[in-house]
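Okay, everyone, let's get going. Have a look at this one with me.

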Amino acid sequence: MAKVLISSIGTGDKNKGYNKTNYKIDGKLYENEIFIANVLSRHLSIDKLFLIGTEKSIWDAVYSKFGGDEKTEFKIYEQQEKGNLQSIINLIESQIDKTLKTKGSRCFIIKYGVDEIELWDNFSKFLEIASGLEEKDEIYLDITHSFRSLSLMSFVMSEFTSNTRENPLNIKGIYYGMLELSRENDGTTPIINLSMFFELLEWGKAIRSLKIYGNSKDLLRLINKTEDKKDIKNAFNDFSNALNMSDMLALQKAVRNLYTKIKFFTESENEIYKIIGEELLSFINRLNVEEFHIFQYELAKWYQENQNYPLSYIVLVEAVVSAIAKRDGLDNNNMEDSTAIKRKAIKEYKSFKKINNIRKFIAHALENNKETIENEDAIKNLPKYIKDLSYLFE
């Protein structure tokens, strides 16, 4: 595992002298610094620095700031002026490694990004950066310098990489040096950590995954980062497992249990927890109903809304059977009663025969039979069937 800082550098005028500022982070002051990557490398005890800049960025200053000699610094500046920086970029990488007392730092030369071609070229560079990150690396992102478009791309690419890797990036901090505030802050530039924005995106995805797919994996991963709440983890696991297995009795029980745990989020002092708590509560409240047939009906609607049509049909049929059983005092677990209930359903509700035939087809889809259904009609008509049967569940 390594601490990796991904930072960018801007341009400057060597003849006039590069602008310096005093950076402040966690109460500690770093005076007369040219660029923030050097500050963060020292402050965070970084193992590898991945530095991004254009051909015109202050690469010579990077080499100097990391302890390089003046002769080589001038050589780097000279090659920059000739547009030949790539040929000696390894000198800068080696000097960074020497100062950090490690190996693996990289420098990436990107385009300005003035058109789609250059943007895609930069995109490939970010993919190259991502390929150099190990699963357990701690990632620190600096978005202070260079073009605003590059800062945005750094943030977006971090999100993109997390979504496309088997294991999300372990983002520990997203830093921004507020240079524009230094004038009214006695010449001191505060460095702020914006990682809460990335956390909000992560929590948002986790809630969406739960609400749409019933998958609590991402939510549990985030809870594990900050909390050691075994009862909460178990509650989400039970819910997710019951939903994935379509075990409705177990699912109803899991929903009730999960409902009792939501206060952990809604009453937390953690602002992010409060936000997601309201989202979780609205989701759980929908399924947290006492009557089993109403619970089944709500679940059938939820499956339909999230395009899980097979389970929606299966659960909808069961909901109708449960509703008639309760109304007429029958036991749908008894074979004779179950047969009688379905006969009543077919006789009383025109749409029941249709949905039951579709349910049979779905349940026996793997068998070698000659029956078929019109899939498009089955999908299109499902909301109508659900609505037609709604008065059974009022």
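Which residues does Leu219 touch, leaving out those up to four places away in sequence? Leu219 touches Trp203, Ala206, Ile207, Leu210, Phe236 and Leu280, contact being heavy atoms within 4.5 Å.

Quick housekeeping. This is a predicted model, where local features need pLDDT of at least 70, side-chain atom pairs count only at pLDDT 80 or more, and totals for chains, interfaces and linings use all residues. Residues are numbered from 1 along each chain as its sequence is written, and side-chain values use heavy atoms, with hydrogens and water left out.

Back to Leu219: together with Phe236, Phe239, Leu299 and Leu316, Leu219 has the most contacts inside the largest nonpolar core, which has 58 residues. By nonpolar core I mean buried Ala, Val, Leu, Ile, Met, Phe, Trp, Tyr and Cys residues joined through side-chain atoms within 4.5 Å, with buried meaning under 20% relative accessible area (1.4 Å probe, protein chains only). Helix 14 gives the most to this core, 11 residues; helices here are DSSP runs of H or I, at least four residues, numbered from the N terminus. Apart from that core there's another, of 33 residues, including Ile58 and Leu100.

Now, helix 14 (residues 309-328) and helix 15 (residues 335-348): their axes come within 10 Å and cross at roughly 105°. Axes are lines fitted to C-alpha atoms over the stretch in contact, with angles from 0 to 180 degrees between N-to-C directions.

Last stop, Val39, over in helix 1 (residues 36-43). Val39 counts as buried because its relative accessibility is 0%.

Notes. Helix = DSSP H or I, 4+ residues; strand = E, 2+ residues; numbered from the N terminus. Buried < 20%, exposed > 50% of the residue type's maximum accessible area, 1.4 Å probe, protein only.
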